[in-house]
Structures are given as structure tokens and as C-alpha cells.
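Subject: Structure handover

Hello,

Here is the structure for you to look over. My notes on what was found follow below it.

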Amino acid sequence: MAADPWRDRARRVVGGRLRSNGDNRPHYVVCGQDPLAFRVVNELVAASAAVTVIVPTRLRPDGPDMRSIKGIRLLRADRLTEHTFRSAGLVGARGLALLAQDDVGNINSALCAQEVEPNLRVVMRMFNTRLGSRVKRLFVDCEVLSDASMAAPAFVAAALGVVSPTHFRHGGRTLHVAARDEVRAEHVICGLADLRDAHGPRVLPADSASADLVLAEAAGAQAGPVRAARRISRARQRARVWREPARALRSFATRKIGIATIGVLAVVVLFGMLLSRAEGVSVAEAVYLTVVMTLSGADPDLGKSAPVQIMQVVLSLAGLALIPLLTAAVVDAVVNARLAYTDQRTRAERGGHVVVVGLGNVGTRVMWQLHDLGVEVVGVDKDPQARGASIARDLGISLIIGDGSQEEILRSASVATCRALVIVSTDDVTNLQAALYARELNSEVHVVLRLFDGEFAGRIQRTFNIGISRSVSYLAAPAFAAALMDREVIATIPVGRHVLLVAEVIVAAGSALDGRTLAAAGTNPGVRVIAFAHFGEPGPIWLPNSGFRLHARDRITVVARRSGLSWLLKQAADPEQAA
């Protein structure tokens, strides 16, 4: 079946271009109706592809409307069967994207699609990446991606207040995204964004030197979240040294026995000081006299003055009360600790932790990564069977079952004293409600909000001053679309709600770039050339001179916006394909 994959791929290309309706565009089939599927379809349409989308008969009321995307074919089916795939035109299609949030269901659909088109390019969405790495071996041409794994680092970095930790290796170098002041000037490869603009980040500014977010060679640098997590851990340890004794004293002082004990000790201290003055002794001698009189009583001495005799009597009486009170206080503390442990009625007071609301695919990854970094996490979800609930229990992470958009649930998660609140449920309105309640409890809380709608996110930022929002589908869709179109996208770099792509583009013979200088590849403001390699050379030239002459099969590595990459791919493509 896989004896000649190149011939089969050519057959699919021809078949995809010669369908009965005369449409010569490459054809892709996408299965799904959630925000990720919506974004992937938009990416394919922007790349001038013909797209058939298979959605359930009953559409989700809270999901984006696929019907709003012009130029696609919509097919409704509740089951992905061979008949469904044939009706969608899978025979001869370039690729199939299975984007349901169901790992097992996607595997079953892929096996079914393989019966229709044996050597089809399949891109599957899976949460379990370990299982995915094994599943892809079952297919001739398959890519397994996890949108949760792609998006989670951006949420983690935002929660810790650092740059998203994008790392990748290309051309013999390990590159990462960092703030300009965190790397040496000679390690900077490309300026990515100016984050100081009040209206949001300016990606790929014309003046690269003005960018404070850069792509640089790693050179042993430690990722920003790791450094931030270590700073948080050290700060919490220092705070705990003072917080724990203070908490114990405060708890002790609120009980009746504690109040009585503190009152008696105050009497002992006061009359001890008065006695030392009356006797005219040193501080050490006064402490000695006070302790002896309190614990063992004083010998009667009629020769003492009346005030001294009164103080001796009071100290002796205080001693009679102090010993049973101390015994009762110790017993009370032990009993209350045992009851609290047995009944789980009390929670330790938290501070400097991160609260994650919504333990679905993305929330689970965020919680997991924060825990691995050593950051204290509290997970919140209204479903006790949520994907992240069992993981939280296994890892010993504090778990609260309840609606995170309710004030009392946020209080129980100690939002008033948390370092950051990460809200990643799939409902924009619920997420916003949780953020606003959290602001009432703690006006300074650092909120990281998951929102699908970019315009809605902009209004929220302007109205409520909640400036950090992320869209999982926006972060992951370019990688899914690139994998489906078999493009060489090396990495995706999230910058706020923007995404930059690092890609390697091959110059085709007879293309618009063939025979021109490298400067022609960088004329689009959404493209930055960072490396170049002649055909046959093993490694690229980094930061090449713009005067290099391009020839067929040369490779250009760029950092680009999505529109810029689409433009460059057309410039580098075979003229017949570009048409």
C-alpha cells in the first residue's frame, strides 16, 4: 500500500485539482465545529484552498458559526463513516483534519478515512501526546498535534508575568524568545515586537532595534518561567518563616483558653516589672524573682512593704492559674489539630499561589506545568469528573469543585491573596464573569483570560482594564493548518493575541523569486528573513546579506505574520501552482 508514496501523492494532487465541478484548488476536509476548527478553516480559505467542513447535525449554540465563512462547503453528519467521507470528496483530497476533542473518536475516524483514501495526509488533534506519537505510526502520512500543549506555555508565562517560553532548534542553533535586556546583543537574531505601545504589541516593527521582544540564540539561557518560578518559590519560603508563627499565634489568640492564658501572662509581666522597681534589682534578678514567685509561690515575709506583699500575692495567684491554663492550651491545640485533620474542616491560608479556573484540556496543561515549575496551584472546576480533577488529586494539588464564576468559590480558592488568576473555560461570558468577581475580591489581581473573540477581548481590555487575554484556537490554528498543507513551519511564536510563524520556504524553479536577490523576499512588511541556504549546503547562513542571488531549491528561513508567509509562499511557488 505504501510502496510508492510519491506516486500516490501525485495522484491525490491531480485528483484534487480535477474534480467534477472544475475547481482546480487543492481540496481539504475538516471535521469539527469548535473555535479551533473555525480558525483552521479560515487559515485554509486564506491560503486559497477549497474546503469541505463536516459538522454535526445539531450545531453547538455556544460555538462559532461555520456558515459565516464564505466559499466553503458545509456537510452535516452525526457520524464520520466511509459514506460521509466519500460524500465530502475525501477521494483525491490533499488532507483531512480531525479536530474533535475526543482522542479515541479521532483515531477511529482516521482509520475509517484510511479505508477511503489509503495514503491520505491526516492531521489529528489529541490531548494525550504520548499516545499520539504511537498512533501516528499506524498511518502512512499523519501528524498528531495538541492545541493544549501549544497554548499552555503562553498562559503559564502570562500568569508568571514573563515572556512566553518558545524554544526550537534549526540550522544547528537553539533559538528562543526573550526580552532584549535578558540576552546579549550578539545573540539577537531578529526583533519580534515592541510591547511598550499602549494600543497593544507592534509585531515585526520596521526598526528592529526598537523591538524589546526578540528572537535570540539560547546560549545556555534559562527560560523565563523557570526563573520566575524560582523567584516566587524563594519569596514564599521567606514569607512562610514569618507567616506560620503569626498564623499559629493568631489562631491561638482567638480561642477562649488562649485569651485567658494571654491575660494571665500579661498580669505576670506587669507585676514582675513593678516588683523589680520596688525591690530595686536588675532585669535578670527581676526575671528570676518573677518566675520563682509565679511557679512556686513566695515565702511570707512580714517585713516587706505592703505594695511588695500585694505583688507577691498576685504573682502567686497568677501562678496557680497559669499552669492549668498552659496544660489546657496544649490539649486544646492537639485536639483541634486532630479534628481538623480527620474532618478536613480547615484549609491552610494561602498566598502567592496561582488559581486555575476550568480544568479541561488547556486548564489541565496549565495546572500541570505550573506544578512542575514548583508554583503552588489551586484548581477550580464545577465538574468533579473534569479531565484535570483526577490529575490534581494524583499530584496533590488543591482542588475546589464549584462554579468558578461564583464569588464564594473564588473566595474559597483564596483569590484575594493569590498571585494570578488563570481563567480558561470554553465560555467567554463565564470567563469574564469570573474575572470581574475576582477584581471585586482583589483589585490588584493579575488576570489571564481565555477569550475566543478578538474584538470582544479588545473591548474588555478597554472597559475593564483586563489586558492579558489569550485565544487557544488563535495560538494553535496556524500550526494545524500548516501541518495539513504540509508546509515547513518550524515554530509558532505567540505575542499577545498575535502569532508569528517561523518557517522554511523552498524556492521553486520559475517562481517569482527564482533569479532575484534575497531582498525580494523581504519586501513584504510581514516577513523577516533570518537565514538562507543554497541548495545542497548542509547548514544555513544566519542573517544573510540581502544581495544573495536566489536559485531553484534554495531555502529561506523567515519569521513572518500569517499574511506575510502566505505572500512569500506564493512568490516562491511554481507558477502553475500559484495560479
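**Strand S20 and its partners**

Strand S20 is joined to strand S22 (residues 555-560) by six bridges, and the two run antiparallel. Strands here are DSSP runs of E, at least two residues long, and helices are runs of H or I, at least four, numbered from the N terminus. Two strands pair if DSSP finds at least two bridges between them.

This is a predicted model: local features need pLDDT of at least 70, side-chain atom pairs count only at pLDDT 80 or more, and totals for chains, interfaces and linings use all residues. Residues are numbered from 1 along each chain as its sequence is written, and side-chain values use heavy atoms, with hydrogens and water left out.

Val527 stands opposite Ala560 in S22. S20 also runs antiparallel to strand S21 (residues 541-542), with two bridges. There, Phe532 has Ile541 as its bridge partner. S20 spans residues 527-533, and six of its seven residues are buried, so the strand is largely enclosed by the rest of the structure. Buried means under 20% relative accessible area, exposed over 50%, partly exposed in between (1.4 Å probe, protein chains only).

**The six-stranded sheet**

An open sheet has six strands in the order S3-S2-S1-S4-S5-S6, with parallel pairing. Its edge strands, S3 (73-76) and S6 (141-145), each pair on one side only. The twist averages 15° from one strand to the next.

S4 (residues 95-98) and S5 (residues 121-125) pair over four bridges in the parallel sense. Leu98 is opposite Met124 in S5. Helix H16 (residues 472-484) lies across S1 (27-31), S4, S5 and S6, and runs at about 160° to S5. Axes are lines fitted to C-alpha atoms, for helices over the stretch in contact (heavy atoms within 4.5 Å). Angles run from 0 to 180 degrees between N-to-C directions.

**A helix pair**

H6 (residues 147-160) packs on H11 (residues 361-372) at about 55°, with the axes 8 Å apart. The two helices are therefore oblique to each other. Angles under 35 degrees count as roughly parallel, over 145 as roughly antiparallel, 65 to 115 as roughly perpendicular and the rest as oblique. Residues making the contact include Ala152, Phe155 and Val156 of H6 and Val362, Arg365 and Val366 of H11.

**Cysteines**

Cys31 is buried at 4% relative accessible area. Cys418 is also buried, at 7%.

Best wishes
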